[in-house]
Amino acid sequence: MAAPTLLPSQLRGVLVWPWWQRLLHWGLALSVLAALITHESGKIHEWFGYSALGLACLRIAQGFNGPKVARFATFTHGARHTLNYARAVLNRQEARHLNHNPLGAWMVIVLLGLTVLGALSGWLYTTDRFWGIAWVGDLHAFLTWPFVLLIGLHLLGVILAGLHHRENLVAAMIHGRKRAVNKE
């Protein structure tokens, strides 16, 4: 069987994520990572946390009222669809998605939620009303563990999906393009 003829636009791939969305993604990822690393560094940690909070809130606003490519409704799916996708992943029969796959979409939602909760609990702990209140500090510290676990799961999912579908998803999040033709 002869290989299909590809148009020049198909060789370059399809622009999936515009520059501003990729910049927001990497800015948020770096802010969260820096906040985790500097957890004992006082004001530096706080500023990375505020940065992460601001970027997460911007991403959430875009998810509800931004351009179509950024809207959650564009790439999220219901529970049944997501569960079926998870079963397909376990059987290594999952479909390739141009935007986020159903599990990746919900990971985005959960990570954004944890970013907001972590940053808000950290901010609350610095206010006069909640300074020294144990449960606020404990909540802020507790949120670190599911966050680190889910970041690891997110990275593992990116690696496994990339390997299974033979595409570099990290590079796609840098240049914004994914392969247009499914060669599988």
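Predicted model: local features only at pLDDT ≥ 70, side-chain atom pairs only at ≥ 80, totals over all residues.
Local features were taken only where pLDDT is at least 70 and side-chain atom pairs only at pLDDT 80 or more, whereas totals for chains, interfaces and linings use all residues. Residues are numbered from 1 along each chain as its sequence is written, and side-chain values use heavy atoms, with hydrogens and water left out.

The protein has 9 helices and 2 strands, where helices (H or I, at least four residues) and strands (E, at least two) are DSSP runs numbered from the N terminus. Along the sequence these elements follow the pattern α-β-α-α-α-α-α-α-α-α-β. Taken along the principal axes, the C-alpha atoms fill a box of roughly 70 × 30 × 30 Å. Of the 184 residues, 35% are buried; buried means under 20% relative accessible area, exposed over 50%, and partly exposed in between, with a 1.4 Å probe and protein chains only. Contact is defined as heavy atoms within 4.5 Å. Among contacts between residues at least 6 apart in sequence, 64% join residues at least 24 apart.

In soluble globular proteins, nonpolar side chains tend to be buried together. A nonpolar core is here a set of buried Ala, Val, Leu, Ile, Met, Phe, Trp, Tyr and Cys residues joined through side-chain atoms within 4.5 Å. The largest such core has 18 residues, and Leu28 and Leu112 have the most contacts inside it. Two or more residues come from each of H2, H3, helix H4 (72–75), H6 and H8, with H6 giving the most, 8 residues. Apart from its neighbours within four places in sequence, Leu112 is in contact with Leu28, Ala56, Arg59, Ile60 and Phe72.

Helix H3 contains 23 residues, which at 1.5 Å a residue should span 33 Å; its end C-alpha atoms are 32 Å apart, in agreement with that value. The expected span is 1.5 Å times one less than the number of residues. The buried residues of H3 include His45, Gly49, Ala52, Leu53, Ala56, Arg59, Gln62 and Gly63. Their cover includes H2, H4, H6 and H7. Gln62, which lies in H3, is buried because its relative accessible area is 15%.

Ala70 is located in the loop between H3 and H4 and is buried, with a relative accessible area of 0%. With neighbours within four places in sequence again left aside, Ala70 is in contact with Trp20, Gln21, Arg59, Gln62, Gly63 and Phe75. The C-alpha atoms of Ala70 and Pro18 are separated by 9.3 Å, although these residues are 52 residues apart along the chain.

Pockets were identified on a 1 Å grid over the protein atoms alone, a pocket being an open set of points where a 1.4 Å probe fits, with protein on both sides within 12 Å along at least five of seven lines; lining residues have an atom within 4 Å of a point. Grid points are joined across faces, edges and corners, and a volume is the space filled by probe spheres set on the points. The largest pocket has a volume of about 1,500 Å³. Its lining comprises 49 residues, of which Gly104, Met107, His154, Leu155 and Val158 are the closest to its centre. Helices H2 (19–37), H5 (79–90), H6 (102–126), H8 (144–164) and H9 (169–175) each give two or more residues to this lining, and the largest share, 13 residues, comes from H8. The lining divides into 31 nonpolar, 12 polar and 6 charged residues. In this classification, Ala, Val, Leu, Ile, Met, Phe, Trp, Tyr, Cys and Pro count as nonpolar, Asp, Glu, Lys and Arg as charged, and the others, Gly among them, as polar.

The second largest pocket holds about 560 Å³ of space. It is lined by 24 residues, with Ala35, His45, Gly118, Gly122 and His140 nearest its centre. At least two lining residues are supplied by each of H2, H3 (43–65), H6, H7 (134–142) and H8, and H6 gives the most, with 7 residues. The lining of the second largest pocket divides into 12 nonpolar, 11 polar and 1 charged.

Leu120, placed in H6, counts as partly exposed because its relative accessibility is 37%. The C-alpha atoms of Leu120 and His140 are separated by 8.4 Å, the two residues being 20 residues apart along the chain.
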